[in-house]
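This report describes a protein model in terms of its fold, its strand pairing and its aromatic contacts. Please read it alongside the sequence and coordinates.

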Amino acid sequence: MTKRQLFVVAALALVLCCFRSQAQEVEVENVPNDILQSVELGQFAKSYTLDGSMNPFYLRGDFDGDGKIDYAIRIKSKTTNESGMAIWLSSLHKFLFLGAGVPFKVSGSSVSNLDFLDTWQVYGKKPVERAVESGPRPHLLGEAILAGKRDSASGLIYWSGKSFSWYQQGD
């Protein structure tokens, strides 16, 4: 390989590394209209930024089972830079925060930074199979969020009727 070819390969590798490690900037035009005003104004805008580190940066589902569309969005705390999610429940007309500086119980431990989660998807309202966690399987009132670490552990984030809970799915 010539010096020029080696330089081109090294430069491409460096560029690819830089692009993979940066979160994509979330364009306000891509935020659903139902939650746009709440994201841009008030306490949310003062405390949090939208986090484009996962694709998609938001999920749409009926998380509390009321028949109305709800949203989950990836966020970061402006003060602590901790990651988390904000879940907009249409029935309450407000966001509930998990992580991003707000404690959330994951597998028995209270965590305020959900930066270890790098995958998520909507999990349909269906019976939950017994998993790693001991204790009763949750009965889903609505759809849930299957969140996890790529090639590692995952868990269901589901609405219990009063708050969001975690049910460990795998290690």
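**Confidence and overall make-up**

The model is predicted. The protein has an average pLDDT of 84, and 83% of its residues score at least 70. Over residues 5–22, however, the pLDDT is below 50, and this stretch makes 2 contacts in the model beyond near neighbours in sequence. Where pLDDT is low, predicted coordinates should not be read in detail.

The protein contains 3 helices and 11 strands. Read from the N terminus, the order of elements is α-α-α-β-β-β-β-β-β-β-β-β-β-β. Of the 171 residues, 37% are buried. Among contacts between residues at least 6 apart in sequence, 49% join residues at least 24 apart. The accessible surface is about 10300 Å², and carbon and sulfur atoms account for 52% of that surface.

Strand β3 spans residues 70–77. Because 7 of its 8 residues are buried, β3 is largely enclosed by the rest of the structure.

| Strand paired with β3 | Sense | Bridges |
|---|---|---|
| β1 (residues 48–50) | antiparallel | 3 bridges |
| β2 (residues 58–61) | antiparallel | 4 bridges |
| β4 (residues 83–89) | antiparallel | 6 bridges |

Thr49 has Lys76 of β3 as its bridge partner, and Arg60 is bridged to Tyr71 in β3. On the β4 side, Ala72 is partnered by Ile87. The hairpin of β3 and β4 has 5 residues between the strands, and Asn81 in this hairpin takes a positive phi near 65°.

**Aromatic rings**

Trp88 and Phe95 form an edge-to-face pair, at 5.1 Å centre to centre and 70° between the planes.

Are Trp88 and Phe95 buried or exposed? Buried means under 20% relative accessible area. Trp88 therefore counts as buried, at 4% relative accessibility, and Phe95 is buried with a relative accessible area of 10%. Ring pairs link Phe44, Tyr48, Trp88, Phe95 and Phe97 into a cluster.

A charged side chain also lies over a ring: Lys126 is placed over the face of Tyr123, at 4.6 Å from the ring centre.

How values were computed. Residues are numbered from 1 along each chain as its sequence is written. This is a predicted model: local features need pLDDT of at least 70, side-chain atom pairs count only at pLDDT 80 or more; totals for chains, interfaces and linings use all residues. Side-chain values use heavy atoms; hydrogens and water are left out. Rings of Phe, Tyr and Trp (its six-membered ring) pair if their centres lie within 6.5 Å; planes under 30 degrees apart count as stacked, over 60 as edge-to-face and the rest as tilted. Buried means under 20% relative accessible area, exposed over 50%, partly exposed in between (1.4 Å probe, protein chains only). A charge sits over a ring if NZ of Lys or CZ of Arg is within 6 Å of the ring centre and within 35 degrees of the ring normal. pLDDT is the predictor's confidence in each residue, from 0 to 100. Contact means heavy atoms within 4.5 Å. Helices (H or I, at least four residues) and strands (E, at least two) are DSSP runs, numbered from the N terminus. Accessible areas come from the Shrake-Rupley method with a 1.4 Å probe; for residues, only the protein chains shown count as cover. Two strands pair if DSSP finds at least two bridges between them.
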